[in-house]
Number of protein chains: 4
Amino acid sequence: MKKLWGGRFNDKNSDITEKLSVSVHYDKRLYRQDIRGSIVHSEMLNKIGILSDEELGKIINGLNEIQMEIENNSFDFEDRLEDVHMNIESRLTDKIGYAGKKMHTGRSRNDQIALDTRLYLKDECCEIDKHLVRLIRSLMDLAEKNKYVILPGYTHMQVAQPVRFSHHMLAYCWQLVRDRRRLDFARNSSDYSPIGVGALAGVNYGNDRHFMQQKLEFGNITQNSMDTVSDRDYMLDFLYFASVLGTHLSRFCEELVLWSSSQFDFIRLSDKVTTGSSIMPQKKNPDLAEIIRGKTGRLNGNLVSLLTVLKGLPMTYNRDLQEDKESLFDSVDTVLLSLEGMIEMMKDITVKKDKMRDAVYSNFSTATDLADYLSQKGVPFREAHEIIGTIVGDCEKNNIDFFKMKFSDFQKYSEVFQEDVLDYVNPESSTDRKISFGGTSIYDIDRQLEELRKLL
Amino acid sequence: MKKLWGGRFNDKNSDITEKLSVSVHYDKRLYRQDIRGSIVHSEMLNKIGILSDEELGKIINGLNEIQMEIENNSFDFEDRLEDVHMNIESRLTDKIGYAGKKMHTGRSRNDQIALDTRLYLKDECCEIDKHLVRLIRSLMDLAEKNKYVILPGYTHMQVAQPVRFSHHMLAYCWQLVRDRRRLDFARNSSDYSPIGVGALAGVNYGNDRHFMQQKLEFGNITQNSMDTVSDRDYMLDFLYFASVLGTHLSRFCEELVLWSSSQFDFIRLSDKVTTGSSIMPQKKNPDLAEIIRGKTGRLNGNLVSLLTVLKGLPMTYNRDLQEDKESLFDSVDTVLLSLEGMIEMMKDITVKKDKMRDAVYSNFSTATDLADYLSQKGVPFREAHEIIGTIVGDCEKNNIDFFKMKFSDFQKYSEVFQEDVLDYVNPESSTDRKISFGGTSIYDIDRQLEELRKLL
Amino acid sequence: MKKLWGGRFNDKNSDITEKLSVSVHYDKRLYRQDIRGSIVHSEMLNKIGILSDEELGKIINGLNEIQMEIENNSFDFEDRLEDVHMNIESRLTDKIGYAGKKMHTGRSRNDQIALDTRLYLKDECCEIDKHLVRLIRSLMDLAEKNKYVILPGYTHMQVAQPVRFSHHMLAYCWQLVRDRRRLDFARNSSDYSPIGVGALAGVNYGNDRHFMQQKLEFGNITQNSMDTVSDRDYMLDFLYFASVLGTHLSRFCEELVLWSSSQFDFIRLSDKVTTGSSIMPQKKNPDLAEIIRGKTGRLNGNLVSLLTVLKGLPMTYNRDLQEDKESLFDSVDTVLLSLEGMIEMMKDITVKKDKMRDAVYSNFSTATDLADYLSQKGVPFREAHEIIGTIVGDCEKNNIDFFKMKFSDFQKYSEVFQEDVLDYVNPESSTDRKISFGGTSIYDIDRQLEELRKLL
Amino acid sequence: MKKLWGGRFNDKNSDITEKLSVSVHYDKRLYRQDIRGSIVHSEMLNKIGILSDEELGKIINGLNEIQMEIENNSFDFEDRLEDVHMNIESRLTDKIGYAGKKMHTGRSRNDQIALDTRLYLKDECCEIDKHLVRLIRSLMDLAEKNKYVILPGYTHMQVAQPVRFSHHMLAYCWQLVRDRRRLDFARNSSDYSPIGVGALAGVNYGNDRHFMQQKLEFGNITQNSMDTVSDRDYMLDFLYFASVLGTHLSRFCEELVLWSSSQFDFIRLSDKVTTGSSIMPQKKNPDLAEIIRGKTGRLNGNLVSLLTVLKGLPMTYNRDLQEDKESLFDSVDTVLLSLEGMIEMMKDITVKKDKMRDAVYSNFSTATDLADYLSQKGVPFREAHEIIGTIVGDCEKNNIDFFKMKFSDFQKYSEVFQEDVLDYVNPESSTDRKISFGGTSIYDIDRQLEELRKLL
């Protein structure tokens with residue numbers, strides 16, 4: 001078949017040109033957006049008198065039929081028609097003849113692809129946000145159910161201070177709250193109607209871009225035709241959101257993997273989300289957590305990919321931009337899969353509260369509380385720090401259980417110690433003394449839960 | 001000197017440990033934020049009764065003196081004190097004794113560094129936004145001054161349709177408007193007060209975090225202590241903003257470089273922003289544009305750097321996070337320098353309107369208008385496209401000047417052509433026929449300018 | 001079906017676990033390598049007495065049949081069997097029963113996947129190298145055919161000195177010669193036989209790894225079982241090769257795009273590799289060059305992707321490593337497509353030698369030669385540079401054609417000028433005066449061609 | 001001062017242009033290479049008769065004096081002279097007058113900077129290689145000293161099979177052996193003499209590039225002048241080497257951090273390489289390991305940075321290339337610091353062999369051996385796997401110590417078990433049964449050590 005742009009061309013494209021030009025194998029996923037855009041474009045052409053009511057009717061029927069064909073898998077996407085736009089347009093013309101050709105009036109693939117990807121991204125952002133909310137909710141549930149469980153809080157992977165498991169889970173919730181903001185930013189970036197700017201300069205008649213904007217439910221409209229066809233910021237914004245989310249999940253999954261190890265043994269992931277080994281019968285591998293952690297790679301890669309494509313590109317549309325879609329689709333899919341995986345893992349997770357508690361007790365997790373204790377009794381903090389450092393050192397050397405030390409034992413180190421010191425050594429008490437806003441006290445955990453509920 | 005944390009340690013750190021741990025050579029740039037935070041923290045300690053008025057007075061005086069010492073270059077930052085916090089705190093204790101030590105009550109370097117960098121970033125975002133506004137204004141001025149100048153609009157680096165130079169400049173303005181949104185997002189991400197969360201779990205007394213938030217003019221407050229000390233999203237948001245801005249500038253600079261070449265010769269950059277060659281006497285190199293284009297590299301690198309650092313880090317603070325600051329500072333500096341460079345280049349740019357106009361006329365820049373013309377007279381667009389394709393081909397083959405073709409010449413190709421076709425060939429008329437919203441007509445350019453003025 | 005590792009598992013995996021675990025939709029492309037490895041592994045088992053001759057015969061027949069089934073598209077890859085290994089093994093057991101199960105003795109998927117990807121990469125490196133050689137040859141042909149054509153050599157996109165087009169093409173050849181070295185390095189990295197190391201620790205019997213190495217034609221053998229199953233350096237080496245090649249091609253394509261623009265108009269790309277516009281009838285877009293330039297994005301992205309995956313992974317095999325293959329396959333495919341595209345573009349490229357020559361003559365391309373001239377006659381170079389700078393300035397101001405200046409004109413600027421100055425102004429003479437090794441003289445171009453021929 | 005290229009320029013550069021153009025604050029580190037190159041270039045000019053012996057003598061003396069001035073810190077690098085080349089050349093001319101100017105004959109900054117960075121990189125590669133060798137040696141020592149220590153080998157962070165600690169250390173040695181190969185590749189890439197190619201086209205006289213190559217001890221010479229001044233592959237090769245090394249070290253450090261945690265408690269890092277907490281007295285943080293792990297970020301960032309800079313740059317030299325050096329220097333410094341840090345950590349590491357052994361015994365680490373046992377007695381592997389899976393499950397359910405099971409206990413599960421089963425449960429025996437080449441048997445560990453010794 002002759003290309004639609006073939007007028008001046010004598011030779012047909014070579015195979016490799018076709019192979020490198022074709023995008024329908026991946027951009028066909030935009031068929032719904034493409035059809036929706038074509039219908040609204042046609043309605044506008046009808047409104048300003050370019051298409052008759054009859055032509056409009058034919059077009060809408062034709063496009064609806066095509067959508068059904070696609071959804072019934074009876075539509076045959078053809079590589080030689082290059083992309084989703086040409087596949088649909090060509091089929092429409094086959095179906096309804098001349099009116100199909102007229103539909104293309106005042107439109108170019110440059111604004112068409114911007115429209116399709118913007119509509120697509122807005123849809124997917126909604127879908128992803130639902131997943132984010134579900135994940136936050138499941139973390140909140142987990143926190144509620146295990147509100148009082150204590151485990152060591154780590155800095156530098158060293159036991160630092162006891163914290164509530166619920167507080168730890170809420171830390172992840174707040175990360176995800178920020179991810180929702182970034183997602184919302186990406187959604188807003190997409191929410192500018194590009195349709196009707198033509199190939200780059202605008203079009204030769206008073207098309208009604210605001211009419212189309214409203215029909216397509218865009219919150220805003222793009223302001224400059226050249227910018228519109230060369231802009232891919234909205235995609236970058238999404239790819240960036242995805243990278244940061246992926247980074248967050250990689251951190252969470254790192255902890256799930258560690259906690260599932262026999263050295264930590266803090267949690268048990270359910271059989272539904274773990275796998276065994278084909279040769280080691282005792283293994284129970286946290287594959288899901290590992291795979292999601294690994295997915296950060298492709299999310300970062302996709303961001304770098306589009307940034308590289310755009311670097312140094314002059315105005316306006318350049319064919320390099322064809323390379324934007326696969327990384328976008330891949331990040332969308334990856335985010336959705338990863339979130340589903342996270343939700344599934346959270347569902348049946350077993351919190352081994354005894355093991356967590358043991359870990360708190362087998363380390364000097366409340367040493368800082370003791371330093372604070374002395375400090376509150378008037379000992380300069382740096383001095384208090386040294387006293388406790390000595391106690392810790394002695395316990396280590398002489399194999400003494402820090403949590404079983406008696407009042408009299410403490411007094412050997414400083415006379416400032418009173419009987420209430422034993423309360424300060426206690427990890428549960430320790431967490432509830434963290435009364436500062438945002439601290440790990442039960443009181444604040446309830447406050448955080450309340451605050452999160454308001455945000456969902 | 002003994003380290004502040006040295007209690008249990010027998011050996012002192014080896015040289016390489018010191019070398020890798022020290023950060024004061026770059027984090028000293030946070031001294032103002034660090035001092036500001038320490039003052040507010042001390043005011044809070046005074047408010048809740050931990051510091052007396054006298055102690056507070058000493059601390060504030062001491063810190064103010066230190067700030068002056070630093071700004072007079074009479075402060076000696078020492079590597080062995082590792083970072084800016086310890087350098088200032090140690091100097092304060094030298095000056096005022098015990099009260100200086102007390103200042104550290106209920107504070108850790110984990111929340112202190114979060115505070116300093118958040119304050120720093122908020123300041124820099126304001127500064128950068130001013131530069132962005134200045135650059136947009138200078139582009140708008142340039143557009144105003146050259147409103148009617150036409151040049152070829154390109155797609156695929158091929159002459160596509162004539163556009164107004166002003167429209168082209170405004171395209172860049174709209175990019176920068178989006179950059180301001182991203183910058184604002186980064187600023188908002190930074191605008192959460194972290195101070196008072198302690199090392200990771202909260203602190204043991206009712207510090208007044210909201211008091212400190214207000215004093216430090218933060219719009220919001222962080223909600224979870226563990227999240228607070230491990231969160232670097234606000235830095236990522238800035239680094240991402242910087243990458244996209246850099247990408248935009250790389251595209252703009254690419255055009256400036258091309259337009260300065262003798263093949264295009266569309267503009268002349270002033271002597272102030274170009275350099276010659278030490279061996280080629282005729283050269284006038286657009287160095288500034290090239291360097292700014294090249295700066296995209298480090299901006300992308302800095303983003304990748306922090307994403308890599310964060311990947312897979314478990315909660316909460318890990319020393320890896322020390323690696324966050326150099327890339328942040330470098331991106332801040334790079335953005336400011338690049339924007340200054342852009343503003344400087346725009347100042348004295350010479351728009352060679354004749355050369356631009358010639359380029360419009362030496363190509364078939366209004367071929368599409370003719371196709372539109374036929375289409376409006378009822379010829380199906382695809383057929384119109386072919387007719388014009390044939391005309392273009394004949395002109396090329398027979399070396400005919402497309403813009404000098406007469407009415408009769410056109411009629412040979414189709415009887416639909418009327419005398420008014422000559423108006424459709426004219427590039428100036430062409431641009432003003434682009435009456436769609438956001439198109440390159442003078443009318444819309446004025447509208448865009450008006451719209452932009454509202455946003456600044 | 002029960003999983004092969006299902007012994008201790010009560011619940012079956014949830015859908016999302018299956019979805020995230022499955023890799024057969026992309027790793028099935030390794031079927032040939034997987035079968036080849038299984039045959040050699042079985043031969044080894046036979047050699048050391050674990051498989052009987054009959055069993056070995058059955059296995060080899062079975063595997064060969066499976067390979068035919070796959071190549072006839074009659075093999076049904078099933079997601080529930082997760083990966084290519086399990087799909088083939090399961091089918092084999094269906095076919096030949098017990099012997100199929102025995103084949104898995106002393107083998108794990110950890111070394112199996114290392115084997116498959118290493119074999120795969122070695123194959124693909126050979127294929128890619130052939131393409132590189134073809135591209136170099138086609139550039140050499142182009143250089144030969146247009147050996148004497150001159151065009152401006154640019155620095156800073158400013159006309160600097162005249163060069164031969166052939167010299168310019170050879171510059172790209174030398175880049176590609178380096179790419180071949182990098183490819184060879186990646187091939188060598190892959191050329192270590194991993195088979196037989198077991199899951200991580202080695203295996204419990206004297207398998208003959210050197211026998212398998214030889215049979216599989218590996219040049220080397222891996223030395224440490226733990227390293228073997230966690231190593232992905234050989235993939236990184238390939239991804240890096242691909243990134244640099246992509247960067248080189250992006251630079252070349254940038255020039256092809258510029259040279260195809262009407263401002264440069266130095267070349268004409270054939271209809272076979274360009275496309276038109278669906279709305280602008282005069283367009284002839286260098287799509288192939290643009291797409292290949294854009295492909296750098298994904299190549300860099302793939303490299304960043306695997307680097308991110310590997311960051312911070314502890315020993316030995318972690319499921320994150322599943323994420324290595326898609327980026328690898330994508331870079332392999334992209335490199336092959338890009339090289340094919342380049343070769344195709346070079347085939348019918350039209351070198352517009354008059355346009356190139358005009359560009360040399362419409363700039364002060366030999367100004368440096370004049371400075372050299374004066375310098376050789378004893379004028380200090382910096383002074384000579386200034387004299388020529390003045391001449392250039394005067395020509396510009398008074399619109400004088402530099403190349404038409406007479407001997408007497410030159411003498412006005414310095415008495416050092418003799419009649420032979422006119423030869424120094426001449427661009428062709430200029431290029432042949434570049435007699436230094438590696439310079440643009442015809443003599444050296446012939447030398448380079450000769451040198452390149454030796455390398456192919 | 002007037003710029004050296006100022007002939008045609010009326011205005012002087014604005015401040016921001018100077019600020020963006022200046023590179024001397026970082027490229028001054030190339031002073032030795034720059035001086036060395038200038039001396040050899042002058043010797044060549046003398047050899048071909050352009051410089052007299054007297055002039056050459058003056059130049060060499062002058063340059064040597066300058067080198068001493070720099071090394072005594074009495075040399076004043078000035079920003080207005082832009083880069084290291086101009087600073088040195090200008091000082092030389094101050095010192096010796098006219099001959100200093102003559103030295104620049106037939107040379108450009110384009111080949112000069114290529115020379116300096118290539119010489120620099122060759123030097124640094126040697127230095128880095130020494131560090132790599134030292135690190136490998138210290139790992140080998142550690143392996144020798146703890147040859148028989150057993151610890152769990154992990155896959156998926158789950159205990160998989162017992163391995164020797166020495167085997168684990170050697171796994172890292174083999175990684176580093178590959179890093180040395182990549183480093184060698186980078187060194188070879190740098191080992192091409194670029195000097196004498198001029199600005200881009202070659203020079204106008206028979207300079208003797210081979211003479212200079214020999215004097216500068218380059219193994220090879222660049223073949224094409226245009227390629228020479230635009231090539232940055234040798235830098236990429238180094239940056240890539242650094243990224244992979246950083247990735248390896250990040251993996252190693254991840255393990256050091258985990259092993260130092262109280263959950264693992266496998267090692268004790270010395271006080272020399274750990275730090276305490278300013279508020280938590282019990283902490284002993286593996287800062288060095290964390291910082292080195294974090295350094296991967298900047299190494300990856302630097303690679304992405306230069307890849308981004310180069311993307312789409314046309315021939316030949318473009319000023320964007322100025323952006324190559326800072327990332328290069330940073331990666332060189334980072335690699336050296338990281339390696340020093342690693343060596344220091346290895347020096348006094350305490351291997352807690354009892355804790356490692358306990359971890360082997362508190363998991364079912366030899367379950368796979370039992371499956372192998374049954375398999376060797378004729379039970380199909382998949383069936384054996386299931387039997388052992390059941391045993392493991394029963395132990396878990398009934399809290400039975402797997403390693404204390406008696407012969408009779410095993411027989412309940414299968415009659416195939418004989419008394420020798422107890423030997424198969426034993427972890428030490430297990431490791432020595434891994435007799436395959438590259439396995440964790442002592443025999444093979446000795447072989448690996450021998451092999452490594454040969455490579456150093």
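How many residues does the contact take from chain D, and how many from chain A?

Guide: This is a predicted model, and the account below should be read with that in mind. In the contact, chain D takes part with 46 residues and chain A with 46 residues. Between them, chain D and chain A bury about 3,600 Å², and 54% of this area lies on carbon and sulfur atoms.

We may turn next to the pairings across this contact. There are 15 residue pairs in polar contact between chain D and chain A, counting pairs in which both residues have pLDDT 80 or more. The count of salt bridges between chain D and chain A, by contrast, is 0.

Let us now consider the side of chain D that touches chain A. Two strands of chain D, β1 (150–155) and β2 (158–164), each supply at least two residues of this side. The helices α11 (233–260), α12 (287–310), α15 (367–376) and α16 (381–398) of chain D likewise each supply at least two residues. Of these elements, α16(D) provides the largest share of the side that touches chain A, namely 6 residues.

By class, the side of chain D that touches chain A holds 21 nonpolar residues, 18 polar residues and 7 charged residues.

Key: Residues are numbered from 1 along each chain as its sequence is written. Chains are lettered from A and ligands numbered from 1 in the order in which they are written. This is a predicted model: local features need pLDDT of at least 70, side-chain atom pairs count only at pLDDT 80 or more; totals for chains, interfaces and linings use all residues. Side-chain values use heavy atoms; hydrogens and water are left out. Contact means heavy atoms within 4.5 Å. Buried area is the accessible area (1.4 Å probe) that two parts lose on being put together, summed over both. A salt bridge is a side-chain nitrogen of Lys or Arg within 4 Å of a carboxyl oxygen of Asp or Glu. A polar contact is a pair of N or O atoms within 3.5 Å; within protein, one must be able to donate a hydrogen and the other to accept it, and residues adjacent in sequence count only if both atoms are side-chain atoms. Helices (H or I, at least four residues) and strands (E, at least two) are DSSP runs, numbered from the N terminus. Ala, Val, Leu, Ile, Met, Phe, Trp, Tyr, Cys and Pro count as nonpolar, Asp, Glu, Lys and Arg as charged, and the others, Gly among them, as polar.
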